[in-house]
Amino acid sequence: MITQMHVKGLMFDPYNNAYIVILRDENQSEMLPIWIGKPEASSISLALENIAPPRPMTHDFMKAYLDAVNAKVISVVITDLNENTYFAKIHLMYGDSEYTVDSRPSDAIALALRSEAPIFVNESVIKKQSSEELDQWLENLKPEDFGKLDS
Amino acid sequence: MPEPTIESAGPLLQLSVDRVVDDATTDTRIAVLSRTDVPTEHLMIWVGASEGEAIRRALDVSVTPRPMSHDLIKNFGDHLGITMTQVVLTDVKNNTYFATVYVQSNGVTRTIDARPSDAIALALRCHAPIYVTQDVWKRRSGQNLEAWLSKVESKNFGTQEV
């Protein structure tokens, strides 16, 4: 089973000096944090805020590369969580065939936002992740923590 | 095969990527390229830290546990049967270089506008040649940067003294 989720926002995690992208399902009942690097966070932030930089950034180039050959991103799926590393798959339509490509979730999300493709998460991933711990972590956050990145 | 040309502006010059240098003062990287036929003549392009590291990983042939962004683009090509045929540095305006990536699928060639950093990071992974137009080569900045660069590099080595 997979659940569709949306990008709720980005946060900076000062303890790990990393960024967290927060995914949330439609009913707002499930939440999934994914720790990502700074360049990927900047890229997701640009897409969320609909900012077109003067030159194509890496994921804009990635999208242009697929557009050039008429390949379309159908969906991305966060498939597995293994020792705090998340795995994702990007589903593409090219010609009459569907292709599946292994990816980091950060690249998959950055590309999905630019392609207006849905983001799904395997339910096993949502279950695996300790929600109590996360809830507590999130309760301590202030609204301004969801603010913009200074990229 | 004839030498690749762009709008008859003379034959393109082939470049190879020498190394990536840290510009510690600005947290950027400098990609140092040289002419394949005259390896002592260089072209330097300032790139972002993450793009510079992507180029460096390709030069070092280092493999990461998970595919990084440019590995993913290469994997798209491998899965879909798209070949990257060449990269051309086509223009420079106010020290910003412009690149065009050439890809081929089902016998048709298509071009994609790119930053040189992405184009180079992908070209190294796909073993595609990198070219520069004669016009851009003539207008490149940093023809006298060799001395400056060696200073930067020695400074980086000497940071522990401070």
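Biologist: Before we start, what does "buried" mean here?

Modeller: This is a predicted model, and the term rests on relative accessible area, taken with a 1.4 Å probe over protein chains only. Over 50% counts as exposed, and buried means under 20%.

Biologist: So is A:Tyr94 buried or exposed?

Modeller: A:Tyr94 sits in strand β5 of chain A, residues 85-94. Its relative accessible area is 10%. The cut-off for buried is under 20%, so A:Tyr94 is buried.

Biologist: Which side chain of chain B makes a polar contact with the side chain of A:Tyr94?

Modeller: A:Tyr94 touches residues of both chains, including A:Asn70, B:Leu80, B:Ile82 and B:Ser105. A polar contact needs N or O atoms within 3.5 Å. At 3.4 Å, the partner is the side chain of B:Ser105.

Biologist: Okay, zooming out: how much area is buried between chain B and chain A?

Modeller: On the contact side, 28 residues of chain B meet 30 of chain A. Carbon and sulfur atoms give 68% of the buried area. The total is about 2,700 Å².

Biologist: And which residue of chain A does B:Arg66 meet in a salt bridge?

Modeller: B:Arg66, along with B:Phe76 and B:Leu80, is among the residues of chain B that lose the most area to chain A. The count of salt bridges between the two chains is 2. In one of them, with N to O at 3.0 Å, the partner of B:Arg66 is A:Asp102.

Biologist: Last one: which element gives the most to the side of chain B that touches chain A?

Modeller: Several elements supply at least two residues each, among them α1, β5 and α3 of chain B. The top contributor, with 9 residues, is α2(B).

Technical notes:
Residues are numbered from 1 along each chain as its sequence is written. Chains are lettered from A and ligands numbered from 1 in the order in which they are written. This is a predicted model: local features need pLDDT of at least 70, side-chain atom pairs count only at pLDDT 80 or more; totals for chains, interfaces and linings use all residues. Side-chain values use heavy atoms; hydrogens and water are left out. Contact means heavy atoms within 4.5 Å. Buried area is the accessible area (1.4 Å probe) that two parts lose on being put together, summed over both. A salt bridge is a side-chain nitrogen of Lys or Arg within 4 Å of a carboxyl oxygen of Asp or Glu. Helices (H or I, at least four residues) and strands (E, at least two) are DSSP runs, numbered from the N terminus. A polar contact is a pair of N or O atoms within 3.5 Å; within protein, one must be able to donate a hydrogen and the other to accept it, and residues adjacent in sequence count only if both atoms are side-chain atoms. Lists of a residue's contacts leave out its neighbours within four places in sequence.
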